[in-house]
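Please read it alongside the coordinates.

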Amino acid sequence: MAISDFDPPERFVAGTVGPPGSRTFFLQARGSGRLVSVSIEKVQVGILADRIVDLLDSVGGPEGSDAVAEHHPDTEALEAPIEDEFRVDTVSLAWDEGRSAVVIECHDSDPEQVPPADTVRVVLDATSARAFARRCQALVAAGRPPCPFCGQPLDAEGHICPRSNGYKR
């Protein structure tokens with residue numbers, strides 16, 4: 001079991017490598033002279049962002065507001081080398097009330113499993129958490145546009161749409 005703890009990180013971001021349709025999503029944390037990257041599914045990135053927003057809307061206070069995070073964007077690319085330590089299987093999210101901080105844990109398998117899973121644990125203040133969520137949402141939205149008929153992602157050369165009886169759109 002390896003636990004990489006970033007409390008707080010110097011930087012924590014989501015990013016991608018590759019063209020839309022073939023992107024690999026990563027979470028990357030830097031701190032104390034270490035850089036840890038883990039690969040994660042696009043859906044997990046979107047859900048994590050949504051849950052952070054929900055959490056901050058309910059308990060984040062003014063520091064976790066969208067207006068404050070707007071002034072703290074991180075638009076830089078992922079740092080090299082981008083080699084994943086593991087593929088994220090389970091993500092957990094918590095609120096540390098005493099510190100007014102969001103705790104994100106990424107595990108390579110169920111944390112209840114024996115032997116325990118590899119884990120990356122990141123603690124973010126409310127402003128940093130909201131900025132992270134905003135970046136995640138933008139990253140997910142930057143993918144291929146959806147088909148207007150079935151909602152599946154469109155490739156540059158089109159796709160076989162199930163709503164049009166298999167004709168290519």
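The sections below cover the basis of the values, one arginine, the aromatic contacts, one alanine and the pocket.

## Basis of the values

The model is predicted, with local features requiring pLDDT of at least 70 and side-chain atom pairs counted only at pLDDT 80 or more, whereas totals for chains, interfaces and linings use all residues. Residues are numbered from 1 along each chain as its sequence is written, and side-chain values use heavy atoms, with hydrogens and water left out.

R11 belongs to strand β2, residues 11–17, where strands (E, at least two residues) and helices (H or I, at least four) are DSSP runs numbered from the N terminus. With a relative accessibility of 9%, R11 counts as buried, a class that means under 20% relative accessible area with a 1.4 Å probe and protein chains only.

The R11 side chain reaches the backbone oxygen of E76 at 2.9 Å and that of A77 at 3.2 Å. Leaving aside residues up to four places away in sequence, R11 touches Q28, A29, R30, D74, E76, A77, L78, E79 and R135, contact being heavy atoms within 4.5 Å.

## Aromatic contacts

The structure holds one aromatic pair, for which the ring centres must lie within 6.5 Å, with planes under 30 degrees apart counting as stacked, over 60 as edge-to-face and the rest as tilted. The rings of F12 and F132 have centres 4.6 Å apart and planes at 25°, so the pair is stacked. This pair links distant parts of the chain, with F12 in strand β2 and F132 in helix α3 (residues 126–141), 120 residues apart; both F12 and F132 are buried.

Elsewhere, R34 lies over the face of F6, at 4.3 Å from the ring centre; this requires NZ of Lys or CZ of Arg within 6 Å of the ring centre and within 35 degrees of the ring normal.

## Surroundings of A69

A69 is placed in helix α2, residues 66–69, and is buried, with a relative accessible area of 1%. Not counting residues up to four places away in sequence, A69 touches T127, R130, A131 and R134.

## The largest pocket

The largest pocket has a volume of about 300 Å³. Of the 17 residues lining it, the closest to its centre are R11, F12, L124, S128 and A131. The lining takes at least two residues from each of β2, β8 (119–125) and α3, and α3 gives the most, with five residues.

A pocket here is an open set of points on a 1 Å grid over the protein atoms alone, where a 1.4 Å probe fits, with protein on both sides within 12 Å along at least five of seven lines; lining residues have an atom within 4 Å of a point. Grid points are joined across faces, edges and corners, and the volume is the space filled by probe spheres set on the points.

Notes. Buried < 20%, exposed > 50% of the residue type's maximum accessible area, 1.4 Å probe, protein only. Polar contact = N/O pair within 3.5 Å; in protein donor to acceptor, adjacent residues only side chain to side chain. Phe/Tyr/Trp six-rings, centres within 6.5 Å; stacked < 30°, edge-to-face > 60°.
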